[in-house]
Amino acid sequence: AIQINPQNAEAYGARGFFYSALGKYEQAQNDLSNAIKYCGENLSLCQATQKLLDFSPKSRSIIGLIIG
């Protein structure tokens with residue numbers, strides 16, 4: 001999806017989420033930053049992505065934060 005539309009915020013957000021789940025925090029941060037950059041008027045996507053970026057992976061994984 002990113003290759004077809006390099007400004008696809010949802011694709012960056014999803015890939016960033018999965019990078020985080022794999023412990024690839026630098027790649028996750030890059031993708032989540034791009035998701036915010038391209039989220040446009042999708043306020044809920046912007047807010048959710050910002051929460052993921054604000055989270056510190058040193059204390060728990062982002063997956064753990066989301067599921068509980």
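Reply: A crossing is left-handed if the near helix is turned anticlockwise from the far one by less than a right angle, and right-handed if clockwise. This is a predicted model, in which local features need pLDDT of at least 70 and side-chain atom pairs count only at pLDDT 80 or more, while totals for chains, interfaces and linings use all residues. Residues are numbered from 1 along each chain as its sequence is written, and side-chain values use heavy atoms, with hydrogens and water left out.

Me: In which hand of crossing does α2 pass α3?
Reply: Helices are DSSP runs (H or I, at least four residues), numbered from the N terminus. By the definition of hand above, the crossing of α2 past α3 is left-handed.

Me: Are α2 and α3 roughly parallel or roughly antiparallel to each other?
Reply: Axes are lines fitted to C-alpha atoms, for helices over the stretch in contact, and angles run from 0 to 180 degrees between N-to-C directions. The axes of α2 and α3 come within 9 Å and cross at roughly 155 degrees. Angles under 35 degrees count as roughly parallel, over 145 as roughly antiparallel, 65 to 115 as roughly perpendicular and the rest as oblique. α2 and α3 are therefore roughly antiparallel.

Me: Which residues of α3 make the contact with α2?
Reply: Contact means heavy atoms within 4.5 Å. On the α2 side the contact is made by Q29, L32, S33, A35 and I36, and on the α3 side by C46, T49, Q50, L52 and L53.

Me: How many salt bridges does the structure hold?
Reply: A salt bridge needs a side-chain nitrogen of Lys or Arg within 4 Å of a carboxyl oxygen of Asp or Glu. The side chains of D31 and R15 meet this way at 2.5 Å, N to O. The pair joins distant parts of the chain, with D31 in helix α2 (residues 25–38) and R15 in helix α1 (residues 9–21), 16 residues apart. The number of salt bridges in the structure is one.

Me: Is D31 buried or exposed?
Reply: Buried means under 20% relative accessible area, exposed over 50% and partly exposed in between (1.4 Å probe, protein chains only). Beyond its neighbours within four places in sequence, D31 is in contact with Y12, R15, G16 and Y19. R15 counts as partly exposed because its relative accessibility is 35%. At 4%, D31 is buried.

Me: How far apart in space are K51 and L32, C-alpha to C-alpha?
Reply: K51 lies in helix α3 (residues 43–54) and counts as exposed at 62% relative accessibility. K51 and L32 are 19 residues apart in sequence, and their C-alpha to C-alpha distance is 9.9 Å.

Key:
Helices (H or I, at least four residues) and strands (E, at least two) are DSSP runs, numbered from the N terminus.
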